[in-house]
Amino acid sequence: MNRNTTTLPPDAMLFVASRCPHCPTVLQAMAELVKAGRIRQLQVFNIEHAGEEAARHGVRSVPWIRIGPFELTGLYSQRELAQWVERTASPRGQAEYLVELITHSQLAQAAAFLRRDPGHRQGLLKLLGDPATELSVRIGASALVEELADTGFMTTLLPDLVRLARHEDARIRSDAAHYLALSGDPSVREELRRLQQDPDAEVREIASEGLAVLEGGEE
């Protein structure tokens, strides 16, 4: 099988500080990944002399690492950093990054990640559409959808939410019904009416409540 060799490794950025105890370890690990060809190029800033640059990227503590689209803070081993390099190339990697942020109660950073690039929604959809997603992560993912409900990002989710509304798992269908209603988009009324006939009582209830809100808002 032919392997695609045209994909470039990700670029990376690192902020350190002179008295940071963990920064030398992370700097060495990142340099080794550059040397191995796993990272295309690495920009390194000392936060003490790059305050404006740090502010532009929202850096509040060091070591601060960006690998492709992923922003990480704290001590990471070379092995862990190499795993994040591998994750830059797939929606599954995006989902794992969102899990990392949700687990560490970094919902604002997760929302910013989703706003930066509409393509990142695939990671969120993987969490929403996987019955194996842990309950705490599912709650966090739901909070992200609700936070983004009033933005253009929500519009990009509608076709995928309709797909999730037809999932075999009733929990996913009920969540999708809630998100469709949350969008406030009149085009989802037909799908919500269909869900009113769903075999699952909770799905029917959420669809009916959502439809009532949508139709009440148009009066």
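To put figures on it, α1 (residues 23-35) packs against α3 (residues 78-87) at about 50°, with the axes 9 Å apart. Axes here are lines fitted to C-alpha atoms, for helices over the stretch in contact, and angles run from 0 to 180 degrees between N-to-C directions. Helices (H or I, at least four residues) and strands (E, at least two) are DSSP runs, numbered from the N terminus.

Before going on, keep in mind that this is a predicted model: local features need pLDDT of at least 70, side-chain atom pairs count only at pLDDT 80 or more, and totals for chains, interfaces and linings use all residues. Residues are numbered from 1 along each chain as its sequence is written, and side-chain values use heavy atoms, leaving out hydrogens and water.

Who touches whom between α1 and α3? From α1 come Val-26, Ala-29, Met-30, Glu-32 and Leu-33, and from α3 come Gln-78, Leu-81, Ala-82 and Val-85, where contact means heavy atoms within 4.5 Å.

Now for the strands, which pair if DSSP finds at least two bridges between them. β1 (residues 12-16) and β3 (residues 64-67) run antiparallel, joined by four bridges; Leu-14 has Ile-65 of β3 as its bridge partner. β3 is also joined to β4 (residues 70-73), again antiparallel and with four bridges, and here Arg-66 stands opposite Glu-71 of β4. Two residues separate β3 from β4 in a hairpin, and Gly-68 in the turn has a positive phi of about 60°.
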